[in-house]
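Please read these notes with the sequence and the model open side by side. Each point takes up one topic.

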Amino acid sequence: MIYGVQYWIFWLVVAAIFAVAEAMTVALVSIWFLVAALVTAGAAALGLSFVSQIICFAIVSLVSFLVFFRYKDRLIFGRKSTVATNYDRIIGAEAEVIESIDNVQRRGLVCVRGERWSALSRFDQYIPSGEKVRVVEIAGVRAIVEPINEVEA
């Protein structure tokens, strides 16, 4: 007992304090402490010692904090935190050079799956318009390509 109050009631009061703090901030800054206090209140009702309750509170706070930040976008917005972009879909794809690729002048344009991408040659070679190339990586906003005949040889 703490000041004549049973432990489980103490933890419910702590949970209420964190609930009020969370309601005032509306920024999800203490939600994990609220969860931990509620779990610890249950542990206290089962008869765990006060030291065990403190350890339970600390562990559940840490775990709920880590789980929350791992899945926060899914929990708050209902979506994954990663967004697929075009670049991961074109690596390894075949493309056609529609404007000659010249690394010296830092110019070149390829058509990959119906999309136009600025391009540079992987080995700093000039690639004329009309050649078939393969996208090997993305550097910034440019596709890095190499001629298909060199890749297969």
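1. Is Cys 56 buried or exposed? Cys 56 counts as buried because its relative accessibility is 16%; buried means under 20% relative accessible area, exposed over 50%, and partly exposed in between, with a 1.4 Å probe and protein chains only. Cys 111 counts as partly exposed, because its relative accessibility is 27%. The count of disulfides is zero, a disulfide being a pair of cysteine sulfur atoms within 2.5 Å.

2. A word on the source. This is a predicted model, in which local features need pLDDT of at least 70 and side-chain atom pairs count only at pLDDT 80 or more, while totals for chains, interfaces and linings use all residues. Residues are numbered from 1 along each chain as its sequence is written, and side-chain values use heavy atoms, with hydrogens and water left out.

3. The protein has five helices and five strands. Helices (H or I, at least four residues) and strands (E, at least two) are DSSP runs, numbered from the N terminus. Along the sequence their order is α-α-α-α-β-β-β-β-β-α. Of the 153 residues in the protein, 31% are buried. Among contacts (heavy atoms within 4.5 Å) with a separation of 6 or more, 44% join residues 24 or more positions apart.

4. Two packed helices are described by the angle between their axes and the distance between the axes. Helix α1 (residues 7–25) packs with helix α2 (residues 31–45) at an angle of about 165°, and their axes are 8 Å apart. α1 is therefore roughly antiparallel to α2. Angles under 35 degrees count as roughly parallel, over 145 as roughly antiparallel, 65 to 115 as roughly perpendicular and the rest as oblique. Axes are lines fitted to C-alpha atoms, for helices over the stretch in contact, and angles run from 0 to 180 degrees between N-to-C directions.

5. Which residues of α1 meet α2? They include Trp 8, Trp 11, Phe 18 and Glu 22, and the α2 residues that they meet include Phe 33, Leu 38 and Thr 40.

6. Ile 101 lies in strand β1 (residues 94–102). Ile 101 is buried, because its relative accessible area is 0%. Leaving out residues up to four places away in sequence, Ile 101 touches, among others, Leu 109, Val 110, Leu 120, Ile 127 and Val 145. Ile 101 and Asp 124 are 23 residues apart in sequence, and their C-alpha atoms are 9.1 Å apart in space.
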